[in-house]
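The following questions and answers are intended for a student reading a protein model. Please consult the sequence and the structure while reading.

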Amino acid sequence: MTTELLFRDDAYLKTATARVLAVSEHGIELDRTVFYPQGGGQAGDTGTLLRGNGERIVVADTRKGDGADRVRHHIATGSPLPEPGEALALELDWERRYRLMRLHTALHLLSCVIEAPVTGGNIVPDKARLDFDIELGLLNAARIESETNALIAAGAATESVWISDAELDAQPELVKTMSVQPPRGAGRVRLLRIPGIDLQPCGGTHVANIAEIGPIRVLKVRSEGKHNKRVEIALTDSG
Ligand SMILES: [Zn+2]
């Protein structure tokens, strides 16, 4: 029992219809979904599932289930529960997801502006961070901000590229983020390519053109440990 991951082919899909596969205390599983489950440092999606009778089921979070391509929609306390087999209309909290997409794509640029191994990362709607294995003194917030914003201002279309597990194993240098395993499944791995800038395995959701990110600002540069020097960023139009 797997869920078709509609966001993987079209990150801009805001609505869809789906059928309920299972309902449990762990959440609702659907045959297809536009909701991204928390992973790769990116927060899980929120939104609503609309029943045929007009009732709204509130999705408070989305997580991966047991096994590949299984997704659990976590329902807010007090929300009605659907029946297995029931058809639902899915509605993503698009404003929140789009901020996550812009911040997530900005982190790809940050990982190129700062040339050091990435040791961690996190993306929530109002800010995002990457940790690097680098000397703190080599991180200059003003330079990082201006170089990242120059890339964003120039713009570039992003694209998904699929390669086989064997091809990835033959090119270990593609894996920059040591704390996140590449999104493998069915013998193939998805890469995100930003032509001339970045190419790395990633299963997250990205904007179609990096110009959509808009200017970012560096909120903080600080040490979180010997191998974790943290750079935190925000979008300039989201508070
Ligand atoms: Zn990504």
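Q: How many residues lie between β13 and β14 in their hairpin?
A: Strands are DSSP runs of E with at least two residues, numbered from the N terminus. In the turn of this hairpin, Gly 196 has a positive phi of about 80°. The number of residues between β13 and β14 is 3.

Q: What is the basis of the model and its numbering?
A: Residues are numbered from 1 along each chain as its sequence is written. Local features need pLDDT of at least 70, side-chain atom pairs count only at pLDDT 80 or more, and totals for chains, interfaces and linings use all residues, since this is a predicted model.

Q: Which residue in β14 stands opposite Ile 194?
A: Strands pair if DSSP finds at least two bridges between them. Strand β13 (residues 188-194) and strand β14 (residues 198-201) run antiparallel and are joined by 4 bridges. The residue opposite Ile 194 is Asp 198.

Q: Is Lys 220 buried or exposed?
A: Lys 220 is found in strand β15 (residues 216-223). A residue is buried if 20 or more other C-beta atoms, placed from the backbone, lie within 10 Å of its own, partly exposed in between, and exposed if 12 or fewer do. Because Lys 220 has 12 C-beta neighbours inside 10 Å, it counts as exposed.

Q: What distance separates the C-alpha atoms of Lys 220 and Arg 230?
A: Leaving aside neighbours within four places in sequence, Lys 220 is in contact (C-beta atoms, placed from the backbone, within 7 Å) with Arg 230 and Glu 232. Lys 220 and Arg 230 are 10 residues apart along the chain, and their C-alpha atoms are separated by 7.6 Å.

Key. Two residues are in contact if their C-beta atoms, placed from the backbone, lie within 7 Å.
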